[in-house]
Amino acid sequence: MSAFAKLTRRAVLGGGLAAATALGLGGSALAADAVKLGVSIPAATHGFTGGIVWWANEAKKELEKAHPNLKITVKTASGAPEQANQLQDLVTVTKIDSLVIFPFESAALTQPVAQAKKKGVYVTVVDRGLTDPSAQDAYIAGDNTAFGRIPAEHIAKTFNGKANVVALRGMPTTLDNERWDAFTAVMKQHPDIKILDAKYANWNRDDAFKVTQDFLTRFKDIDVVWAADDDMAFGVLKAIEQAKRTDIKEVFGGAGSKTMVKTILDGSNPLIRADVSYSPKFIYDAIKMTAEARLKGQALPATHIIPSALITKENAKEFYFPDSPY
Amino acid sequence: MPSAPTPVTDTPGGAAAGGTGARRPVRRFDPLLYGPFIGLLLLLAVGTALNPDFATWDNWMNVLTRTAFIGIIAIGMCFVIISGGIDLSVGSMAALIAGATILMMNALSGLLLSSVAVVALGMLFAVALGGGFGLAHGYLITRGQIEPFIVTLGTLGIFRAVLTWLADGGAITLDMTLSDVYGPVYYGSLLGIPIPVWIFALAALAGGLLLNRTAFGRYVQAIGSNEQVARFAAVDVDRVKLLTYGLLGVCVGVATVLYVPRLGSASPTTGLLWELEAIAAVIVGGTSFKGGAGRIAGTVVGAILLSVISNILNLTSVISVYLNAAVQGCVIIAVAFLQRRRP
């Protein structure tokens with residue numbers, strides 16, 4: 001855990017330095033340029049949110065080092081009510097003037113964020129938009145439509161518009177629906193691609209394993225499994241391996257996790273040929289963009305969509321971050 | 001809490017402490033005993049009617065193998081619930097044991113040890129860790145005099161948080177060479193029956209014998225019926241309770257030993273909600289939530305029933321995927337109705 005200790009120490013030192021700088025410059029004209037940025041994100045409960053937390057701390061480390069007059073406070077919450085409470089603390093106790101928030105739920109967090117904005121906090125919302133867009137100054141998100149469209153186009157192209165597909169879905173959420181609708185919209189243009197069935201596997205390896213086992217029992221001829229998430233793809237691969245099935249030619253995950261990108265890079269599994277990026281790194285981009293804009297006193301564009309890209313053997317290197325936990 | 005001292009003769013279920021040869025009720029068709037079995041048979045019929053692939057050996061082995069984890073945990077849970085306790089932490093505990101075991105095995109494989117030895121040590125470690133966690137629960141509940149609900153609600157959070165911290169929010173993955181050596185524990189089979197199913201069957205048999213044929217089993221039932229009376233009857237209540245939680249911990253350890261080779265990884269979603277599935281299996285199987293009486297056979301059937309429901313739902317698309325949980329809920333309530341207790 002020495003790396004962890006080092007990280008903490010560095011964060012503490014960095015924080016102390018920033019505070020000292022702010023104190024030293026107190027009263028002078030420069031003090032107005034100090035930015036106190038609050039970051040509110042979900043706690044690391046699975047691979048993807050683990051990546052979010054890691055990238056947020058990475059941004060804090062780098063930016064505080066680069067800008068001594070910047071102080072970033074990262075808070076993780078395990079549910080919408082807890083996040084709302086933390087938001088209040090950030091505004092009243094930490095006295096932040098800028099906020100980057102990845103809301104748990106759009107509806108539940110809209111009011112608390114609107115309150116913060118009313119108190120003069122500059123608000124950047126990440127990934128899940130608020131129900132009332134006037135409560136945010138800027139919105140930065142990954143491209144969920146592309147997350148469904150890109151795999152569908154890839155499958156249609158690879159199999160020349162003729163394949164039997166089974167699909168896994170995440171959890172019943174608007175995010176999942178967007179992806180699913182984009183996927184099926186492409187497939188509708190290819191009448192010879194049959195989607196045999198789709199079931200929820202909760203973005204979870206174990207559930208993906210079980211659902212795939214049952215799909216394999218039920219369908220004797222499958223060409224592609226759209227696992228729709230790299231964690232789920234992991235469970236899918238194990239189930240296929242156990243059943244010793246050779247009819248399946250491709251398993252398509254999603255999000256571009258470290259291990260999946262490495263597999264593509266090394267070509268170590270013939271079933272894994274491509275992936276679609278939806279990196280938790282967007283929280284890093286959001287914090288960086290917000291902090292730098294605020295330091296210059298500028299505003300961000302109202303909406304910024306971080307594009308999703310098809311990851312193949314040729315470009316996999318650009319998507320490989322060996323230090324990230326995801 | 002059945003704390004009001006009642007006369008011994010009023011002990012419900014007649015399972016008073018220390019009774020020799022169990023008294024059996026007059027043999028009649030008793031839905032209380034057969035409810036879960038009838039439920040399972042009906043489900044099997046429905047499954048076969050909906051999809052002929054349901055009634056294949058391979059599918060049944062798939063279902064039984066994946067039931068093994070919850071089933072083994074439910075057997076331990078059965079003892080705890082019969083004794084009048086509860087354990088909400090088993091899913092988190094399984095996740096933490098899986099993570100800690102993988103980390104330990106990965107660390108050991110760097111030393112001069114054969115892979116087989118490392119895996120064997122890992123399995124022992126998992127079971128010992130489970131037993132240790134269980135005893136810690138028992139100790140806090142008996143000596144610390146904290147309600148089991150609160151103790152295990154606390155550790156539910158602690159275990160999962162520690163795992164998440166160890167995993168850095170990601171996944172802890174078993175070394176490839178170890179994974180190959182360990183794989184057969186989940187994927188291998190003996191006489192055509194997968195290893196986890198054998199272990200599940202052995203655990204059920206041992207649990208049944210322990211509950212119905214030993215003094216310990218009778219003490220557990222006596223404590224659940226009426227703790228005060230059991231105390232008056234010179235049962236060492238604290239020790240028996242401590243052991244039931246220890247036993248459940250060992251069951252979780254054994255389940256984890258079987259779980260780790262399946263995916264070779266542990267992540268913060270490992271074992272999510274297993275506690276509710278295990279408790280549901282016990283209750284659907286005809287054990288009283290209030291404690292005092294229960295059956296291992298019913299628990300085993302309850303666990304199988306729960307996984308058969310989701311298996312059938314996966315094998316058909318009659319019902320919208322949005323309603324899967326509702327179907328599960330209906331079946332659970334229906335089976336509970338079949339074996340309801342009459343006043």
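Student: How much area do chain A and chain B bury between them, and what part of it lies on carbon and sulfur atoms?

Tutor: The size of an interface is often given as the accessible area lost when the parts come together. Buried area here is the accessible area (1.4 Å probe) that two parts lose on being put together, summed over both. In this predicted model, chain A and chain B bury about 2,800 Å², with 51% of it on carbon and sulfur atoms. The model being predicted, local features need pLDDT of at least 70 and side-chain atom pairs count only at pLDDT 80 or more, whereas totals for chains, interfaces and linings use all residues; side-chain values use heavy atoms, without hydrogens and water. Residues are numbered from 1 along each chain as its sequence is written, with chains lettered from A and ligands numbered from 1 in the order in which they are written.

Student: How many residues of chain A are in contact with chain B, and how many salt bridges are counted between the chains?

Tutor: A contact requires heavy atoms within 4.5 Å. By that criterion, 31 residues of chain A touch 31 residues of chain B. A salt bridge places a side-chain nitrogen of Lys or Arg within 4 Å of a carboxyl oxygen of Asp or Glu. The count between the two chains is 2. One of them links A:Asp214 with B:Arg66, the closest N and O atoms lying 2.8 Å apart.

Student: Which secondary structure does chain A hold?

Tutor: Helices (H or I, at least four residues) and strands (E, at least two) are DSSP runs, numbered from the N terminus. Chain A has 10 helices and 12 strands.

Student: Which strands pair with E1(A)?

Tutor: Two strands pair if DSSP finds at least two bridges between them. E1(A) runs parallel to E2(A), residues 70-77, over 8 bridges, and A:Val35 stands opposite A:Leu70. The path from E1(A) to E2(A) passes through helix H2 (residues 47-66) in a right-handed β-α-β crossover, meaning that, with the strands pointing away from the viewer, the path from the first strand over the helix to the second runs clockwise. E1(A) also pairs in parallel with E3(A), residues 98-101, through 4 bridges; there, A:Val39 faces A:Val100.
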